[in-house]
Amino acid sequence: MGRKTYESVGKPLPNRTSIVITNNQDFKVPEGHMVAHSLEEAIQLCIGKKLDNVFIIGGAEIYKQALPIADELMVTEVNAMPDGDVFFPEIDKNEWKVVSTTSYFKDEKNEYDFDFVVYKKSKP
Ligand SMILES: NC(=O)c1ccc[n+]([C@@H]2O[C@H](COP(=O)([O-])OP(=O)(O)OC[C@H]3O[C@@H](n4cnc5c(N)ncnc54)[C@H](OP(=O)(O)O)[C@@H]3O)[C@@H](O)[C@H]2O)c1
C-alpha cells in the first residue's frame, strides 16, 4: 500500500504482512512489516518470500502504477455517489473482463447495496 493509505488506516491491517511504499528513506513500520521505495521493490520483497498472491490495496497512486502488472481485480462497487478527491483508475473494458459478480443488499453493517466484482485481464 501507499504511504497515504497506510496513514489513513493508522496501523498495519491484522493477519497479514504489510509493505508500505514511500520515498521517505527514514519511514518506520512496526516489526514484522516492511517498507519499500518503489512498487518494483515491493514486488521483489514478495517474490523473495515466495508468496503465491500479492494484493495491491491502494491508494489511487499505487493502483495506477500496479494496473499494468495486475492480472486480477477484486472490486467492491458500491451503489452510492459520495464526494471524493481520490479515484480508482478507469477500468478499460477492452482489457478487463468480468468473471464474477456477487450482489449484496444494504444491512445493519453496510449503508448501501454493493456488488463484489472480479475482473481478469483478457490480454496477458
Ligand atoms: N476505498 C478503497 O478501497 C481505498 C483503498 C485504498 C486507499 N483508499 C484511500 O485512498 C487515499 C490515498 O490514496 P492516494 O492515491 O492519495 O495515496 P497512496 O497511493 O495511498 O499513497 C501515495 C504515496 O505513496 C508513495 N508512493 C507512491 N508511488 C511511489 C513510488 N513509485 N515510489 C515511492 N513511493 C511511492 C508516496 O509516499 P511519500 O509521499 O511518503 O513518498 C506517495 O505520496 C486515502 O484517502 C485512502 O483512504 C481507499
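## A glycine in a loop

Glycine 58 sits in the loop between helix 2 (39–48) and helix 3. Helices here are DSSP runs of H or I with at least four residues, strands are runs of E with at least two, and both are numbered from the N terminus. This is a predicted model, in which local features need pLDDT of at least 70 and side-chain atom pairs count only at pLDDT 80 or more, while totals for chains, interfaces and linings use all residues. Residues are numbered from 1 along each chain as its sequence is written.

Glycine 58 touches Met1, Gly2, Thr5 and Tyr63, leaving out residues up to four places away in sequence. Two residues are in contact if their C-beta atoms, placed from the backbone, lie within 7 Å. Methionine 1 is 57 residues from glycine 58 in sequence, yet their C-alpha atoms are 5.2 Å apart in space. Glycine 58 is also joined to glycine 59 by a cis peptide bond, with omega about 0 degrees. Glycine 59 belongs to the loop between helix 2 and helix 3.

## Around the ligand

Which residues are closest to the ligand? They are Gly2, Thr5, Asn23, Gly58 and Gly59, out of 21 residues that surround the ligand. Helix 1 (3–9) and helix 3 (60–66) are the elements that give two or more residues to this shell. A residue is near a molecule if its C-beta atom, placed from the backbone, lies within 6 Å of it. By class, the shell has seven nonpolar, 11 polar and three charged residues. In this sorting, Ala, Val, Leu, Ile, Met, Phe, Trp, Tyr, Cys and Pro count as nonpolar, Asp, Glu, Lys and Arg as charged, and the others, Gly among them, as polar.

Threonine 5 is part of helix 1. Because threonine 5 has 19 C-beta neighbours inside 10 Å, it counts as partly exposed. Not counting residues up to four places away in sequence, threonine 5 touches Ile57, Gly58 and Gly59. The C-alpha atoms of threonine 5 and glutamate 61 are separated by 9.9 Å, although the two residues are 56 apart along the chain.

## The whole chain

Let's step back to the overall fold. The protein chain has three helices and five strands, and along the sequence they follow the pattern α-β-β-α-α-β-β-β. Its C-alpha atoms fill a box of roughly 40 × 35 × 30 Å, taken along the principal axes. Of the 124 residues, 7% count as buried.

The chain is divided into domain 1 (1–70) and domain 2 (71–124), with bounds that come from an automatic or database domain assignment. The C-alpha centres of domain 1 and domain 2 lie 21 Å apart. Six residues from domain 1 and seven residues from domain 2 take part in the contact.

## The largest nonpolar core

Which residues make up the largest nonpolar core? Met1, Tyr6, Ile19, Val20, Ile21, Val35 and Ala42 do, seven residues in all. Strand 1 (residues 19–21) gives the largest share, three residues. Such a core is a set of buried Ala, Val, Leu, Ile, Met, Phe, Trp, Tyr and Cys residues joined through C-beta atoms within 7 Å. Apart from its neighbours within four places in sequence, valine 35 is in contact with Val20, Thr22, Phe27 and Val29.

## Paired strands

Strand 5 (residues 114–121) runs antiparallel to strand 3 (residues 72–78), and seven bridges join them. Valine 75 has valine 117 in strand 5 as its bridge partner. Strand 4 (residues 96–104) is also antiparallel to strand 5, joined by eight bridges. Strands pair if DSSP finds at least two bridges between them.

Tyrosine 104 stands opposite phenylalanine 114 in strand 5, and tryptophan 96 stands opposite lysine 121. Of the nine residues of strand 4, the number buried is zero, so this strand lies largely in the open.

Definitions and conventions: Buried ≥ 20, exposed ≤ 12 C-beta atoms within 10 Å, placed from the backbone.
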